[in-house]
Every structure is written in structure tokens, then in C-alpha cells.
Amino acid sequence: MEATADDDIAEDPAPADAAPAEYRLIGALFGQTPIMSAMEWPTKEVDKVKVNTGSMRIGYIRQGAKVPVLPQPHRKPNCKQGWYELVQGGFVCARYASLDLNHVDLRTAPRPPDLSAPLPYEYAYNVGNGTPLYRKVPTREQRLKFEPWLNPKPIAKPSDDAVEETSIAASTRDAKSVAKSATDPFGVRTEELDAGVPWYLRDYDGGKPKVTLDELKGEGPMVKRMVRGFFVAVDKEITENGTKWLRTTNSLLVPRERVYVYSAASKLQGVWLDDRSDLVRGDDGNEMPDAGPIVTIKPTPDICKPGSKSQVAVVTSGSAKKYALSATRKSVTKSHPLRYHSILKLTGEDVVIDGVAYDEVDEGWWMRRSEGVRTEPGPAPKDLAPGEKWIDINIRTQTLVAYEGSEPVFATAMSSGRDGKQDPKRDHKTPTGTWRIREKHIAATMDGDANAEPYSLDDVPWIQYYEGSYALHGVYWHDSFGRRKSHGCVNLAPLDARALFNWTEPSMPENWHGVWSTADKPGTRVVVHE
């Protein structure tokens, strides 16, 4: 019988008296070394026609990561180097991975993500337009070519005769002959002044340049340029020939003086509502700084149940206060200040005094309703299995509640997409509906240039895609949770994003960087509503 493309070409023979196979480690050579469900790529060519093989990508490992595999390779036409079966399940082609743990691409790989920290990497903010990202340390001549600000040319002083001629011409010019435009409303010929000047050397008076991501692509040793406000994820700092550089997690180099390491990520942390925590704690069980015991005066047994008045509130005002009511509940006095993004448990009791609504906190004092957001979950899906995990996201209240069956287990504030009521071109409203988490990534880059307004955010953490490009994910660039802020995704504070990432399905196998749900391992359900 003839061999087909599906048949093994050869297998490395094992001696008859060989000991039981031991696991070996295989290391990823690429940023995304794919893990397949079978020893096939998703499609193959049969009689010059591409057909679906039924195999699918179920995850990937990032360059430098190592996972255990069975030692016997399966050599096939679609992977002549051999497929290796992972102990955790799935197959990896040795074209993209190596058993040689001294391989240069493993030794020089960026550092692995820190899974115990709120953010898996450090991040740096780009402070100027045009900052280059290089493949390798450039020469001095290359830097002067791609970074003209390093060696600005002196401006030649005009002669007295030229100054006089220019003054006469300017004073006699007919003002009506100066054309006006949308970008030059006063007719001072800024378009002519900018002609021939690269976009990154122009003055935008605090605004952003109108460029696309394609226009940022570089040449030679420069991979691309960045717009002010772009972020890169940091692997390490290096010094070459007296110049400091930051190496990114994509193995690119950025001049150290053009970025600053960003450390202003949100400290917001949601609350576990089950027996996991009677204190405000982190995922690792350690009590968070400034977090004291939650002294419960009034029980809240129905907290965060759909339809219950007892909910979780998150303070979103920087000037919020505690309030005390008089015995008659007809007057109110201010008490101590409340920390921004404090998490409060509401009893369900409320009162309106002089047109202002107040909610009772389980510790016995009151909060002004306008100084925070509070959860308001919708009904549970009708076809839930007993104890099945699901997430309720209310984009009207900007809150999230996680459930196991009918029991709420976690609550916090989030930021959904900005509304474009004033400008449809800027409408990023998060769509409503019910989906399941499709894929999860410890970190991945998000970028875009809608309306020629480019953004690029390296290694956005704790990503969970549930529909198209919509995802729950952590953010390191803002602290506005409880308000609409995003381009459509559900933004979460780093601690909350990590907590949910570790709680949802599919779970991430050790040392993998991304995982996909399957029919056998479906993702956690996500319900988005108003």
C-alpha cells in the first residue's frame, strides 16, 4: 500500500529492551509556537485543493518557554523535523521548537512572564513622536539617519538683504490671496511649512498625528516608529557603547531616553464573596496594603443576587465621604473620607435626603450613591449546569459579577467601550449578548488606527477573547474603572483581570502562553447587558 500524506515517514526506533520513556523538555523558538490538537495543520492540500483536516490550534508557547513531551518524534511530510506529543495534551512540530535547551534562540529569549504579579511584565511609555524600534543596536550613522533630533542642523542666519526683501514682500502681499483650509484656518501657510517635513518632526500643539500603522513601518535596522503614547513591554535594560537601551519582550530595542518605565497601574481589587476571603485579599491570599477586616454589622446573605437590593458598590469619586444619618433619617453629616475604588457591601437599605440618594453599608454608615457604582446583575442563563461558572457584565452600571451556578463569588468595577453619541466615528460601545470565552492569552499586543488615530499597547495582560476582537483584559494605562473608557473591550484592573483569568475556563496549562477552548473544554460563559 502506498504511503499517504497522513502516514508517518519514519519513527526513531526504540530498542526492544528500552526502559519506559521518560519525559523530555522542549523549548519554543518563536513568539507563538503552536500546539495542535493532532499531528496536522488545520488545512492540507489534496489534488491542489485545500481541505480541512479537523486539527485545530489549542494553544501556544512563547519563545523560551519549555514544556514536557514524550521523547519519541513522529516524522511526517507536514513536519519533517517530527511532531512531539505534549504530556499536557496536544502536539508541537520541532520546526518551531527544540529539544536542545542550549539552542541560541532559547538562551537569548526574553524573560518569562511573572504570573505571581498583578502585571506579567514591566511597561514603558513612549514620550515622543517618531521613537524608533530597532532589530539590533544600530551604528552611530544609522541613529543619526533615523533619529535626526540627535544631530539637529544649525539654522543659517539670513543676510540683511534677504531679511529686507522678505519684509517688503510680506508687507505688500494681498491678504485675500492667502488660501485658508481646515488645517490652516488663518491662512498662514502651515501646509507649505510642513511640506517635506516628516510627520514625527512636526508640531501638533499637544494633539496627535494623523498616521496609520502602515506609515509607521521602518526600513533597514528600524522595524517601525512609535507615536507618543505607545507602550512597550520591557524585557531588560542593556548598555552598548555607553548608550542605554530597553529591550522589549518582542526582542526589539528602543533608546532608553525616549521612554519611561510606567508604574502607575491601578490598585483596584474586587471582592471575593464566598468563603475564600473575609478580608480584602490578593489572589495569593495575602492581605492587601491598607486593607483591614470587613466588620460586618448587618448581614448581606443575598448580596449580588439578581433582583436583590443588597449589592456591591465601588467608590469612583476622589472626594467621597462616609455619611451618618440622624435618628429621624431626615438629615445627614459627613464623616471620614473614602479611598478611591474602595469596595463596599450594601445592605439594600436606602434613603433620599434633600434629593440626594444614600445607600447603607454593612458596617453601619452610609455612602452617597452618586459617589460610586454598584452591581446590578441580570438573570442567570436558563441552561446553566449546576455550579457552572459564568460572568455578568452590566455596561450601564460599569460593574462585573462572577458566579458559580446561582451563587455570586466575585464582584468589581470595570470599564467598557466609550459611547459615540456625539461622534459616530468614535463610537466604541461594547456590544451586548451572550458568548463563551474562546481563547486566553497571558499577554498579547493590541493595536489599531481607526480614524487615523493609531494606538499600540504591547503585551496587554490577562486577555480573554469572547467574541471577535472583544475581550476581558487587564490594563496598565488607566485607572478609570467604573467609567466608560475602552475601544469596546471590557477593561479590568490588573489584580481583577488576573483573578478572573485564573478562575475562568479553559484553564492555562503550565508554561503555555495561550490556550483555546474546545468542544470538550468549553470556555466560561460571558453575559453582557445594560
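Is arginine 369 buried, partly exposed or exposed, and what is its relative accessible area?

A: Arginine 369 is partly exposed, with a relative accessible area of 27%. Here buried stands for under 20% relative accessible area, exposed for over 50%, and partly exposed for values in between (1.4 Å probe, protein chains only). The model is a predicted one, in which local features need pLDDT of at least 70, side-chain atom pairs count only at pLDDT 80 or more, and totals for chains, interfaces and linings use all residues. Residues are numbered from 1 along each chain as its sequence is written, and side-chain values use heavy atoms, with hydrogens and water left out.

Arginine 369 forms a salt bridge with aspartate 359, and their closest N and O atoms are 2.9 Å apart. A salt bridge requires a side-chain nitrogen of Lys or Arg within 4 Å of a carboxyl oxygen of Asp or Glu. This pair links distant parts of the chain, 10 residues apart: aspartate 359 belongs to strand β24 (residues 356–361), whereas arginine 369 sits in the loop between β25 (366–368) and β26 (372–374). Strands (E, at least two residues) and helices (H or I, at least four) are DSSP runs, numbered from the N terminus. Aspartate 359 is buried, its relative accessible area being 3%. Through shared partners, salt bridges join Lys309, Asp350, Asp359, Arg369 and Arg374 into one network.

A further pair is that of arginine 329 and glutamate 349, whose side chains meet in a salt bridge at 3.9 Å, N to O. Arginine 329 is placed in the loop between β21 (321–325) and β22 (332–337) and glutamate 349 in strand β23 (residues 343–353), so this contact ties together parts that are 20 residues apart in sequence. Arginine 329 is partly exposed at 36% relative accessibility, and glutamate 349 is partly exposed at 38%.

By the same rule, the count comes to 22 salt bridges. Among them is the contact between the side chains of glutamate 237 and arginine 256, at 3.1 Å from N to O. Because glutamate 237 lies in strand β15 (residues 231–240) and arginine 256 in the loop between β17 (253–255) and β18 (259–262), the pair ties together parts that are 19 residues apart in sequence. Glutamate 237 counts as partly exposed, at 43% relative accessibility, as does arginine 256, at 23%.
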